[in-house]
Amino acid sequence: MVKKRVNFSLQTKIMGLIAALLILVIGLLTVTFAVQQTKEGRKQSEQLAVQTAKTISYMPPVKELFQKKRGHKGEAQEVIEQMKEQTGAYTIYVLNEKGEIKIASEKRGQTKLTRSRKILFGGSHISETKNDGRMVIRGSAPIIQEQSGYSKVIGSVSVDFLLNETEQRIKENVRKLSFMAVLVLLIGFAGAAALAKSIRKDTLGLEPQEIASLYRERNAMLRAIKEGIIATNREGVVTMMNVSAAEMLRLPEPVVNRPIDDILPGAGIMSVLQQRQMLLNQEVCVNDQVFILNTKMMLQNGQTYGIVVSFRQKTELKRLIDTLTEVQKYSEDLRAQTHEFSNKLYVILGLLELGEYEAAIDLIKEEYAIQNEQHDILFKNI
């Protein structure tokens, strides 16, 4: 069983192709941006947590917290509360050298945090952990005190940022990007529709397979036509010429992209094209040959797109006229001969009805002898 082939319209093909490309490109860009935003968002949160922890660790009220009695925490508490509000941190902890919470931006149930070995050796640390059952990004920095020419870690600062808030910001950015992607996709669809409509208008509403069929049919007809056919654009430049035209004009092959006046000099085709006139059975002389020429303007919606010139040799036309004259004369001779033969048949019929059999026989023999004599003269002398 032969499967029926599905032919999609040109507009459907163009819109489908552009839509597929837009979806592919925009999808890849969106995914790439989302992955990049996720990495950048986490990286920024980690950097902000570490930088905030370092900044707090250098502040004098925090360092003085380890040099004075427990009754002087107000100033340090005010500092970390202010930093929490400015940075949007979830919680800020100030820890002593044992990891015990000395002060915090908010009261928590826990009194001690696990610290990395990097803190003990004066380095900063970034980790992802849980705080009150919620995942946080924690940045930690040591509080260093200079004593007698050497540095000593006397405590540390930990700053927590909620991981879901970071992810929420990333999702918001991705959502905005998705909205822009959909907008670009809709604009692309509109552009594809406009492009397809413009192309369809240029092709006069014909589909590619219809154009291909017309092209094959045109070539077949041009080869079958014995008359010379030349088509030009509105500037008078030859765009098409069939083989018969090239043979009549004694050209090695059909030529294009040349002015029509170079091909048919003296025919005045350009003036006919400019004046939008028509020539009917006009005699023109080209290269010592006489042609009978006709023209037809190519018009659409009142606009001129070119001209079609058809021509044939006058000698060939004269030969056709002579042949037609001979056929007409032969037909008249046959008509006269038929009339004469009918008269003789009537004479023979009359003789037979009168009983003049001998006279009828003599008439037949006489006619037969005359026909033989004429045939002998014709075949022997001509």
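View 1. Leaving aside neighbours within four places in sequence, Ser-310 is in contact with Glu-227, Gly-228, Ile-229, Ile-292, Leu-293 and Asn-294. Contact means heavy atoms within 4.5 Å. Ser-310 sits in strand E10. Its relative accessible area is 16%, so Ser-310 is buried. Buried means under 20% relative accessible area, exposed over 50%, and partly exposed in between, with a 1.4 Å probe and protein chains only. This is a predicted model: local features need pLDDT of at least 70, side-chain atom pairs count only at pLDDT 80 or more, and totals for chains, interfaces and linings use all residues. Residues are numbered from 1 along each chain as its sequence is written, and side-chain values use heavy atoms, with hydrogens and water left out.

View 2. Strand E6 covers residues 228–232, and five of its five residues are buried. Strands (E, at least two residues) and helices (H or I, at least four) are DSSP runs, numbered from the N terminus. In a regular strand the side chains alternate between the two faces of the sheet. Gly-228, Ile-230 and Thr-232 point one way from E6, while Ile-229 and Ala-231 point the other way. E6 pairs with E10 in the antiparallel sense over five bridges. Strands pair if DSSP finds at least two bridges between them. Ala-231 has Val-308 in E10 as its bridge partner. E6 and E7 also run antiparallel, joined by three bridges. There, Thr-232 is partnered by Val-238. Five residues lie between E6 and E7 in their hairpin, and Gly-236 in the turn has a positive phi of about 85°.

**View 3. The E8–E9 hairpin.** E8 and E9 are antiparallel, with five bridges between them. Cys-285 stands opposite Val-290 in E9. Two residues separate the strands of this hairpin, and Asn-287 in the turn has a positive phi of about 50°.

**View 4. The largest nonpolar core.** This core has 25 residues; Ile-230, Leu-249, Ile-263, Leu-264, Ile-269, Leu-293 and Phe-311 touch the most other members. A nonpolar core is a set of buried Ala, Val, Leu, Ile, Met, Phe, Trp, Tyr and Cys residues joined through side-chain atoms within 4.5 Å. Elements that give two or more residues include helix H7 (243–248) and strand E9 (289–300). H9 gives the largest share, four residues.

**View 5. Phe-311 up close.** Leaving aside neighbours within four places in sequence, Phe-311 is in contact with residues including Ile-230, Ala-245, Met-248, Leu-249 and Leu-293.
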